[in-house]
Amino acid sequence: MPRKKSNKNNKNNGIYFNKNDMYKSGMFKSVKNRQYMKYRSAYEYAFFEKLESDPNVIKYLAEAIHIPYVDIDLKKRTYIPDVLVLYKDGRMELCEVKPTIMLKDPNVQLKARAAVRKIKSTGKNMSFRFITENDLFKSNKEYLAILDKIKWIKIYGNMLHLSI
């Protein structure tokens, strides 16, 4: 989902979004999906790495589902969850990758409720969950290592990747 750039004076429901262009974005090389996947934050990059190393994950799709919802200002919008994960046991999981602090945002909660309603309406073996820093990093050191890795990928690009 596109992230709106804002300056430090712009607020959305009490939470700063993309303050000082802090989100890292780029392309992640997925072996499981046999393609490059767009990531829009270091958290998404870290989640993609976890999915690649999880033997129970068959495949995952970024921004694969569009869900209508009504925001806090009663405007009709479209919510696009970050990742749909397909597991070997047939389960599917719709995941939204967010810092814990952002879970308090009323629009984030409205999107989550819309996703749960959509899942229930399909009758499929699917669930919804938030993925936060607590799921991704054991320590701040791990988070800093991901940021460093992304920086080096940006510098050296495809030289760090073998062909898919």
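Select R40 and E44 to begin: the backbone nitrogen of R40 lies 2.9 Å from a polar atom of the E44 side chain. This is a polar contact, defined as a pair of N or O atoms within 3.5 Å, where within protein one must be able to donate a hydrogen and the other to accept it, and where residues adjacent in sequence count only if both atoms are side-chain atoms. The model is predicted: local features need pLDDT of at least 70, side-chain atom pairs count only at pLDDT 80 or more, and totals for chains, interfaces and linings use all residues. Residues are numbered from 1 along each chain as its sequence is written, and side-chain values use heavy atoms, with hydrogens and water left out.

Keep E44 selected. Is this residue buried or exposed? E44 counts as buried because its relative accessibility is 3%; buried means under 20% relative accessible area, exposed over 50%, and partly exposed in between (1.4 Å probe, protein chains only).

Now extend the selection to residues 42–53, helix α1, where E44 is found. Helices (H or I, at least four residues) and strands (E, at least two) are DSSP runs, numbered from the N terminus. Nine of the 12 residues of α1 are buried, so the helix is largely enclosed by the rest of the structure. Among these buried residues are Y43, Y45, F47 and L51. The end C-alpha atoms of α1 are 17 Å apart, which agrees with the 16 Å that its 12 residues should span at 1.5 Å a residue; the expected span is 1.5 Å times one less than the number of residues.

Two strands pair if DSSP finds at least two bridges between them. Select β7 (residues 92–97): six bridges join this strand to β8, and the two run parallel. Within this pair, E93 has S127 of β8 as its bridge partner.

Finally, display the whole protein, which has four helices and eight strands. Buried residues make up 39% of its 164 residues.
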